[in-house]
Amino acid sequence: MTYEWAYGTDQGSRRKTNQDSILLKKALWGEEEAVLAVLCDGMGGLSRGELASASAVRAFSRWFAEELPKLGRENIREQAVYSSWEALFQRLNAKIGAYGQRRNLLLGTTVTAVLFLGGRYYIAHVGDCRLYEVTSQLVQLTKDQTLVQREADLGHLTPEEARKDERSHVLLQCVGASKEVAPVYGTGRTPEGARYLLCCDGFWRTASDQELLQALTRGKKRPPAALKRGLKEMIRRNRARGEQDNITAAVILCGKKSGPGGVHA
């Protein structure tokens with residue numbers, strides 16, 4: 001299977017810095033391709049959130065180049081991927097936390113990573129960035145690790161109340177600022193022609209599922225270029241609706257025909 005992608009990022013209307021960091025990396029894996037996509041949202045209310053998110057992205061980039069090949073070229077077991085990622089998360093949490101303690105700073109970042117390999121995807125998730133799969137419908141593959149989502153799961157909030165709740169930014173855990181971090185892992189088959197949206201809360205918070213579906217399914221003949229336009233339009237709409245946070249998103253297309261490595265929106 002081969003992959004193409006498009007991505008876009010925006011500082012937002014009131015942020016002094018862009019604390020989002022994104023990684024899109026491709027490598028040959030036998031006769032196919034492997035792709036690692038990682039989105040990290042540095043904590044806007046914490047000091048140096050951009051440093052925490054960039055540190056996480058660099059760590060996953062090194063993992064893709066150095067650790068993934070050690071897992072073998074054939075019949076990679078999902079537990080081997082998860083165990084390797086778990087060690088990475090614990091090292092990263094300790095490293096960022098120790099850096100903050102030495103400098104009297106509180107740093108933290110969300111991390112949502114997806115590895116496409118051998119016709120499957122492997123997910124690691126901490127925080128409230130989201131991964132969606134689009135075939136004939138839009139399916140959210142991650143669950144927000146937020147106070148509001150927990151209250152909704154307990155039946156204390158309706159979906160509409162949860163969408164409007166002002167506590168939506170309160171995370172249950174994040175890498176670097178939490179004493180302990182417990183990523184959630186998952187896997188599934190990757191259908192040919194499927195599209196995957198990886199986005200931060202600044203991108204999905206004010207967007208409807210129908211808007212996301214339209215942005216992800218446009219452009220059959222030149223999908224990367226069309227998706228670039230779709231992401232730019234979604235970012236513009238979010239800012240027009242008053243979104244103040246950083247806004248970052250990437251779409252990965254799965255198919256048999258190879259094309260441009262990527263397009264920046």
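Tutor: Buried means under 20% relative accessible area, and exposed means over 50%. Keep those two cut-offs at hand. One more thing before we start: this is a predicted model.

Student: Then let me try them. Is Asn104 buried or exposed?

Tutor: Asn104 has a relative accessibility of 74%, so Asn104 counts as exposed.

Student: Where does Asn104 sit?

Tutor: Asn104 is in the loop between α2 and β4. Look at the backbone there too. Asn104 follows α2 and has a positive phi, near 55°. That positive value belongs to a residue other than glycine.

Student: Which residue just after α7 takes a positive phi?

Tutor: Gly242 does, at about 100°.

Student: Back to α2. How do I check the length of a helix?

Tutor: Count 1.5 Å a residue, and compare the expected span with the distance between the end C-alpha atoms. Helix α2 covers residues 78-102, which is 25 residues, so the helix should span 36 Å. The end C-alpha atoms of α2 are 36 Å apart, which agrees.

Student: How many residues does α7 have, and how far does α7 reach?

Tutor: α7 has 18 residues and reaches 25 Å from its first C-alpha to its last. That is close to the 26 Å expected at 1.5 Å a residue.

Student: Which residues of α2 are buried?

Tutor: Among them are Tyr82, Trp85, Leu88, Phe89, Leu92 and Ile96. Ser84, Asn93, Gly97 and Gly100 are buried in α2 as well.

Student: What covers the buried residues of α2?

Tutor: The cover includes one helix, α1 (49-67), and the strands β3 (32-41), β4 (111-117), β5 (120-126) and β8 (184-189).

Student: Now two helices together. How do I describe their packing?

Tutor: Two packed helices are described by the angle between their axes and the distance between the axes. Take helix α6 (residues 209-217) and helix α7 (residues 223-240): they pack at about 155°, with their axes 8 Å apart. That angle makes α6 roughly antiparallel to α7.

Student: Which residues make the contact?

Tutor: From α6, they are Glu211, Leu212, Ala215 and Leu216. From α7, they are Leu227, Gly230, Met234 and Arg237. Sorted by kind, the contact residues are five nonpolar, one polar and two charged.

Student: Which residues of α6 are buried?

Tutor: Glu211, Leu212, Leu213, Ala215 and Leu216. The buried residues of α6 pack against β6 (130-134), β7 (138-140), β9 (195-199), α5 (201-204), α7 and β10. In α7, the buried residues include Pro223, Ala225, Leu231 and Ile235.

Student: How do I read a single residue?

Tutor: Ask where the residue lies, how accessible it is and what it touches. Leu39 has its place in strand β3. At 0% relative accessibility, Leu39 counts as buried. Leaving out residues up to four places away in sequence, Leu39 touches Ser21, Ile22, Thr110, Val111, Thr112, Cys129, Leu198, Cys199, Cys200 and Thr248.

Student: How far is Trp29 from Thr9, C-alpha to C-alpha?

Tutor: Their C-alpha atoms are 29 Å apart, and the two residues are 20 residues apart along the chain. Now try another pair. Leu39 and Ala225 are 186 residues apart in sequence, with their C-alpha atoms 21 Å apart in space.

Student: Is Asp245 buried or exposed?

Tutor: Asp245 is buried, because its relative accessible area is 8%. Asp245 is in the loop between α7 and β10 (247-255). Apart from neighbours within four places in sequence, Asp245 is in contact with Gln11, Gly12, Arg15, Asp41, His169, Asp201, Gly202 and Arg205.

Student: Last feature. What is a disulfide?

Tutor: A disulfide is a covalent bond between the sulfur atoms of two cysteines. In a model, look for a pair of cysteine sulfur atoms within 2.5 Å. A search of the whole structure finds zero disulfides here. Cys174 is in none, and its nearest cysteine sulfur, that of Cys40, is 11 Å away. For Cys254, also in no disulfide, the nearest is that of Cys199, 16 Å away.

Student: Are Cys174 and Cys254 buried or exposed?

Tutor: Cys174 is buried, at 6% relative accessible area. Cys254 is buried too, at 4%.

Key:
Residues are numbered from 1 along each chain as its sequence is written. This is a predicted model: local features need pLDDT of at least 70, side-chain atom pairs count only at pLDDT 80 or more; totals for chains, interfaces and linings use all residues. Side-chain values use heavy atoms; hydrogens and water are left out. Buried means under 20% relative accessible area, exposed over 50%, partly exposed in between (1.4 Å probe, protein chains only). Helices (H or I, at least four residues) and strands (E, at least two) are DSSP runs, numbered from the N terminus. The expected span of a helix is 1.5 Å times one less than its number of residues. Contact means heavy atoms within 4.5 Å. Axes are lines fitted to C-alpha atoms, for helices over the stretch in contact, and angles run from 0 to 180 degrees between N-to-C directions. Angles under 35 degrees count as roughly parallel, over 145 as roughly antiparallel, 65 to 115 as roughly perpendicular and the rest as oblique. Ala, Val, Leu, Ile, Met, Phe, Trp, Tyr, Cys and Pro count as nonpolar, Asp, Glu, Lys and Arg as charged, and the others, Gly among them, as polar.
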